[in-house]
Every structure is written in C-alpha cells, then in structure tokens.
Amino acid sequence: MKIDRLLEIIIYLLNHDHVPASYLAERFHVSVRTIQRDMVSIAEAGIPVYSNQGKSGGYSILPSYKVRNCNIRQEEQQLIRQALESLATSYASETLAGLIEKYHLLLDRNQEQSVFFDFGIARENQQVQEMNQILERAIRTNALVEFFYRDAQGKETQRLVEPLAMQYKWYSWYLFAWSVPQEAYRTFKVARIRRLRITPGKSDKKHPAVEELMEQSDRAYGETCVTLEVDFDKKDTCLMEEYFPDSRIEERSEEKSRIWIQVPPGERLWKALLLSMGSHVEIISPEIYRNELIRTAQNFLSNYDI
C-alpha cells in the first residue's frame, strides 16, 4: 500500500542522508517516477524533505526534524536495538529489517555501543531462510501450503497444512501448523521440508490462541521423552551441565556421578553428545537405549579396520 511505503521512506530518510531516487526505487520495488511522486506527497504532508543535486546528491530530511521516544531511557533503547540486530544475525526477515530501521530513530547515534551479540552461528542455510519467508507470507494470508516432509527416520510424506506460527528452538526453525488431512496440530522442522509451495486454497478454520496450542503441543511432546540414567566421570561435571542444562546430577562415588537426561524419541543428537565423551560416560538404563548406543558405536567402527 502507498501509505505504508511513504511511512517506510520517511523512516529511511530520517536514518540516512542524501539517498538517491534510484536506490529508493530499487529498495521499495517501484519506479523512479513513483519515488518522485512520493516525495511530493511527503512534502505536502508537512515533512521537510528536500533534494540535493550532483554526484553525492539525493533526498534528505532536515536534521532538525527528528522523532524521539521520551518514555524509554537511552540505555534501554540501546539494549532493545542490540537485541533486534542480534536476532537479525540468525533470522532473515524484511519485517525485522524494517523494525530495526524504525528503532534507529529513537537512538542517539553519537552514543557508543558497549555490548554486542552475534547469533550468526544459529542462522540456518539459505534454503531454510527462504522457506521461512514463504511460510510467514502464508501465515499472514491464512493460505494453505503443500510440501514433502522427511521425518527423523528418513521417511518422506506429502503434507497439506495451514501454517500458524514459526518457532526457533533446539537450534533449529520449526513450523507449527494445522494438518488438513489429519485434522490435527503438528510441528515440522523446516530443514526437513522440501518443494514447499503456497496453494490457491484458503483456510476458514477458527483456531484458539496459537501460543496456548503450541504450549499444549510441547507438553504432549515432553510426555513422550525418555529418561536416560547416565554415569560419567566426576571431572566432566561442567561439561555435562553444559550439554544437558537443568538435568538432575547426583554424586555416586569419589570418581563417578550420575545424570538423568530427558531425550526425545527418534532424535539422534543425544547419541552424538554421549559418543563424543568416549569412555567417560556409560548409559545405565533403559537397557534398550544402552544397546542402541552400543550398536551405533559398533556400526561406526565397522567402517574402519579395527
């Protein structure tokens, strides 16, 4: 909509000086002529916009015209901005980029930043980022999407769902959705989605509060988790606390401790973490998981002349 574009142009000009019309046209996906008309509309609205000619010219807003937020202290504004920019290192979103641009208006640009965050390691690959944007668009428009989904065992099935929310947890992006054929709420790991597309169909189903539905789903999933009893060398206590935070740990002897770990069925990360500690850990129970870890280690060694 034009009014949204005008607002975003004003915000961008408040944060930047001498912006060429060609750049604004490219940024907002319109023609240069449209940008010129937008500048007339902005000026008629009382915003003091002007243009400079020449190589370094472009559109600007008078420096004296500035929006400030009087209700939030400067250090609080800095922290909010840092949190938003940190999120941007792991999550590609035009909406998030626009929000950061708006929040720059509230800050004193001369104040030095002393705390920095970088969650770039949490950023999944480009394919996941692109699918996230498609799913966000489907959520906003109540559209249905189709895709092929590969579960933890490698089985692939075709799905038709109504996307309801995106969630970042366990170092990955997940889609919470209403599965149309199953008439049930489901959670999908975005990295396992293939051939995603928005369908022409729309959903008219009324859903309760999505956040509450997600909490119910998490509780139901938690009830399926299995508790592993694992003995480990006491000197590795700090490492076990890092790998499995909030897990109960109990001293068993001068050299050994025991930890109780909740693991989701079908997932493999817990095996990798325990195997990485070699002979320093031992699964005590359940026996089926103990044997599963032994088979995994044996299958790994079978690739080598040992």
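Mentor: Let us begin with a definition: a salt bridge is a side-chain nitrogen of Lys or Arg within 4 Å of a carboxyl oxygen of Asp or Glu. This is a predicted model, in which local features need pLDDT of at least 70 and side-chain atom pairs count only at pLDDT 80 or more, while totals for chains, interfaces and linings use all residues. Residues are numbered from 1 along each chain as its sequence is written, and side-chain values use heavy atoms, with hydrogens and water left out.

Trainee: What makes the contact between E229 and R258 a salt bridge?

Mentor: The N to O distance between their side chains is 3.1 Å, and because the rule asks for a nitrogen of Lys or Arg within 4 Å of a carboxyl oxygen of Asp or Glu, the pair qualifies. E229 belongs to strand β8 (residues 226-233) and R258 to strand β10 (residues 256-263), the two residues being 29 apart in the chain; strands here are DSSP runs of E with at least two residues, and helices are runs of H or I with at least four, both numbered from the N terminus.

Trainee: Why is R258 called buried, while E229 is called partly exposed?

Mentor: Buried means under 20% relative accessible area, exposed means over 50%, and partly exposed lies in between (1.4 Å probe, protein chains only). R258 has 12% and is therefore buried, whereas E229, at 22%, counts as partly exposed.

Trainee: Which residues are linked with R258 in a network of salt bridges?

Mentor: The network links E229, D231 and R258. In the salt bridge between R258 and D231, the closest N and O atoms are 2.6 Å apart. Since R258 lies in strand β10 and D231 in strand β8, this pair ties together parts that are 27 residues apart in sequence. D231, with 14% relative accessibility, counts as buried.

Trainee: How many salt bridges does the rule give?

Mentor: The count comes to eleven.
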